[in-house]
Amino acid sequence: LIQDNYLFLREKDMKALTIIFLTLSSFGLLSNTEYGDVVEMKLNNDCTINEMISIKDQFNEVLKNKGWDYRAEIWQPIERQDITTVYWIGRSPSFPDFAQEFTEYFEEAMKGNTPEAGLEDSMTNCRVNLSRSGFLIQ
């Protein structure tokens, strides 16, 4: 079931990323502009913000060990209409860099018994994604 969810999310996200990539690359905006990945999420009742931060730290370490550039932070609103949501804020040097690493990460997660698969299991047990957005950072 978890592998089916990975595959569905990966296919869905990769289709959207491909469309965005093709659209923006025609304008030459992608290769030299930092990319921001913003995931709005709610933590499950049995998961604390500290547990999510620990998962994020493990995630960053796995990516760093692979030589990948993407790094994540957790943003917790203290002044907002809805302070129950938490944000996963990731940064990559560029959108093409993000798309390549995103693909490679989920290929590793699909193999099972990899650090990436363990991280995805931890994330699935800790949070529900509400939305995902990508931004060019100027």
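What is the mean pLDDT of the protein chain, and what share of its residues reach 70 or more? The mean is 84, and 78% of the residues get to 70 or more, with pLDDT being the predictor's confidence in each residue, from 0 to 100. This is a predicted model, where local features need pLDDT of at least 70 and side-chain atom pairs count only at 80 or more, while totals for chains, interfaces and linings use all residues. Residues are numbered from 1 along each chain as its sequence is written, and side-chain values use heavy atoms, leaving out hydrogens and water.

Let's walk along the chain. You'll find four helices and four strands, in the order α-β-α-β-β-α-α-β; these are DSSP runs (helices H or I, at least four residues; strands E, at least two), numbered from the N terminus. Where pLDDT is low, the predicted coordinates should not be read in detail.

Now for α3 and α4. The axes of α3 (residues 95–111) and α4 (residues 115–126) come within 7 Å and cross at roughly 90 degrees, so the two helices are roughly perpendicular (65 to 115 degrees). Their contact (heavy atoms within 4.5 Å) involves Y105, F106, E108 and A109 of α3, which meet E116, A117, L119, E120 and M123 of α4.

Across the 138 residues of the chain, 38% count as buried.

Definitions and conventions: Axes are lines fitted to C-alpha atoms, for helices over the stretch in contact, and angles run from 0 to 180 degrees between N-to-C directions. Angles under 35 degrees count as roughly parallel, over 145 as roughly antiparallel, 65 to 115 as roughly perpendicular and the rest as oblique. Buried means under 20% relative accessible area, exposed over 50%, partly exposed in between (1.4 Å probe, protein chains only).
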